[in-house]
Each structure stands twice: as C-alpha cells, then as structure tokens.
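Take a first look at the fold shown here. The paragraphs after it walk from the overall plan to single residues.

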Amino acid sequence: MLGEELFKELAQAWRQKPAIIIVALAAGGVFVIGVRITMTVFTAVGLSVTAPVQTGMSLILGTSLAALVGGTPAALAPLDLAIACLLLFAAAMATVRARIVRDRWLFEAAPRQLRDAAGGTSRRLIVKNMALVGLAAAIITAYPLGLSYSLRAPGREYGLTPLSFVSVLVTGSLIGVVLTSGAVLTLRRQWSTFLRAGWRMHRYSLIAASAHYGGNIINAFATGALTAAVSWPIGTTSQLWTYVWGLATGEFKGAPRKSYLLIASGALLYLAGILYLRWALLRSA
C-alpha cells in the first residue's frame, strides 16, 4: 500500500508543481557528481589535505543556501546558527587534525626513500586537487538545496514527504551515476574492471549505498521538522563516524596519543554544537 500511496503523492506533486520533482531529481544527479569528484580527490591526496576545505565550504555554502531557499525555524536566530556552525567546524577540524597527526607519525616512521617520494607527489598534486575540492563542495550543496525546495516543511504549502523525496533523490542519483561513471568507463574501456570486481567489492558498495541513503531518509524526516538550514550542518557529524570506523578497523593502531585526544575533542565539539542548536531552539520556543 505504501508504494501505491507514494506514486499517488508523486503524481499529485507533479500536477501541482512539477518543479518539486525536477529539483529533487536534479539534486540527486548533481550531488553524486560532487561525491564522485570528492572520492577521486581523496584517493589522490588524502582526507587530511582536502577535508578542511570541503567541510568549511559545505558548512558555509550549504547552510547559507538552505537558509535562503528553505528558511530557518522562527525560533532560531541567525547568530545562534552561526555559533553552532563554528562549533561544528571546529569539531571537524579537530578530527582532521587527528588524521594529520597520525599520517605524520607514519611518514616519519617510513624509510627515507618513501618519505621523499610521498612528499614530492603530494606537493605536485595539492594545487590541482584543491580546486577540485572547492568544485566538489559547491556541487554537493545541490543536496541541501533539493531538501530546502522539494521537501515538505512547516509553513510550506507544497513539497514531498520524506520517503517520497528520497525515492526521487535516489532515482536522480542513479541517473547521474549511470551518465557520468558510465561515460568514463566507456571512454576508458574499463567496464571489464567493473564487471570483474567480484561480489565482495560490489557487496561493500551496496552496503555503503544502503547506509548512505538510509541516512538520507532519517535526515529528510529531521529536515521536515527543523528545515535544511539546521539539519545540514548537523549532518557534518558523519565525519566523526568515519573516524570511529577507522578506530574500529585499526587505522589508528599505534598512533600517538594526541590523535586519540583530538578525536575525543572533536566528538565533544560535535556534541556541543548539537546541544547549542537544541538550546537555541528551545530558548525562544
């Protein structure tokens, strides 16, 4: 019955305002292009170099555009939102710094020949890839823009419910992936690499995609009540879970104590940012 109701809602939204569907589709398609660029850059120069720029731009651009298009809760003052974003940015920088400390420790422990090669490669790649990071961060803001415009929120007469919105978003993402990654695989004649990767690799990709878009569903429910201007900066806490997973899989095994302290500091700052937003919303409610 849910599927039938979902299609009825999409049909009704299309009759009332087609832009609702079009913007959600475009948001999904454009968003995955930004993610693809980000993954390419991370592979080339690593998270430590790119994350500060991407996180800062995502917080500033994503939150500002979401507030402009979808508005903010009436009880939330712009200054309170800015303070919360600063706390969340500080949290992101603390976790990034933890990775930098770990990478430096590994670099100094490596043989001199490997250190020289790694240093030269990173210097050649940084300038080129920083521009790509900025481009990816700008493109990824398509997601909060889609949320702000196409998702139903308090005080808005139009919009999709969370499950309907994410179904359109996922469809747009699939189209974007097929067109962009499919084109690259075709031009480079690398479809055989993809097809021969085996179930083990594809399985992890499917699990990651399910977790990612499952998180989008939860985020859409939260956005429907809080607006994208609030839910988008809170979403930066996903970076913390990346590091928690790194701890669980042994990425920080043997790293200096400072790395662990920075991760703990980042977690506390994330919590402080979220609690400050909650306090700001309740204070004027």
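What follows is a short tour of this model, which is predicted.

Begin with the overall plan. The protein has twelve helices and zero strands. Read along the sequence, the pattern is α-α-α-α-α-α-α-α-α-α-α-α. Of the 285 residues, 39% are buried. The protein exposes about 15,900 Å², and carbon and sulfur atoms supply 69% of that area. Now turn to contacts between residues with a separation of 6 or more. In the protein, 82% of these join residues 24 or more positions apart.

Next comes the start of the chain. Helix α1 covers residues 2-16 and holds both Lys8 and Glu4. These two are four residues apart, about one turn of the helix. Lys8 forms a salt bridge with Glu4, and their closest N and O atoms are 3.3 Å apart. How many salt bridges does the structure hold? The structure holds one. Is Glu4 buried, partly exposed or exposed? Glu4 has a relative accessible area of 43%. Buried means under 20% and exposed means over 50%, so Glu4 counts as partly exposed.

Now go inside. In soluble globular proteins, nonpolar side chains tend to be buried together. Here the largest nonpolar core has 34 residues. Which of them touch the most other members? They are Leu76, Leu160 and Phe165. Helix α2, residues 18-45, gives this core its largest share, six residues. A second, separate core has eight residues, including Tyr243, Phe252, Ala255 and Leu262.

Leaving aside neighbours within four places in sequence, Leu76 is in contact with Leu81, Val230, Leu277, Ala280 and Leu281. Helix α12 spans residues 257-283 and has 27 residues. At 1.5 Å a residue, α12 should span 39 Å. Its end C-alpha atoms are 38 Å apart, which agrees.

Which residues of α9 are buried? They are Tyr213, Asn216, Asn219, Ala220, Thr223 and Gly224. Just after α9, Thr227 takes a positive phi of about 80°.

Then comes helix α10, residues 228-234, which contains Ser231. The relative accessible area of Ser231 is 4%, so Ser231 is buried. Not counting residues up to four places away in sequence, Ser231 touches Asn219 and Thr223. Ser231 and Phe221 are ten residues apart in sequence and 9.7 Å apart in space, C-alpha to C-alpha.

Finish at the surface. Trp191, Phe194 and Leu195 form a nonpolar patch there. Together they have about 320 Å² of accessible area. Phe194 sits in helix α8, residues 191-195. With a relative accessible area of 38%, Phe194 is partly exposed.

How values were computed
Residues are numbered from 1 along each chain as its sequence is written. This is a predicted model: local features need pLDDT of at least 70, side-chain atom pairs count only at pLDDT 80 or more; totals for chains, interfaces and linings use all residues. Side-chain values use heavy atoms; hydrogens and water are left out. Buried means under 20% relative accessible area, exposed over 50%, partly exposed in between (1.4 Å probe, protein chains only). The expected span of a helix is 1.5 Å times one less than its number of residues. Contact means heavy atoms within 4.5 Å. A nonpolar core is a set of buried Ala, Val, Leu, Ile, Met, Phe, Trp, Tyr and Cys residues joined through side-chain atoms within 4.5 Å. Patches are made of residues with over 30% relative accessible area and no salt bridge: like charges are joined within 9 Å, nonpolar side chains (Val, Leu, Ile, Met, Phe, Trp, Tyr) within 5 Å. Accessible areas come from the Shrake-Rupley method with a 1.4 Å probe; for residues, only the protein chains shown count as cover. A salt bridge is a side-chain nitrogen of Lys or Arg within 4 Å of a carboxyl oxygen of Asp or Glu.
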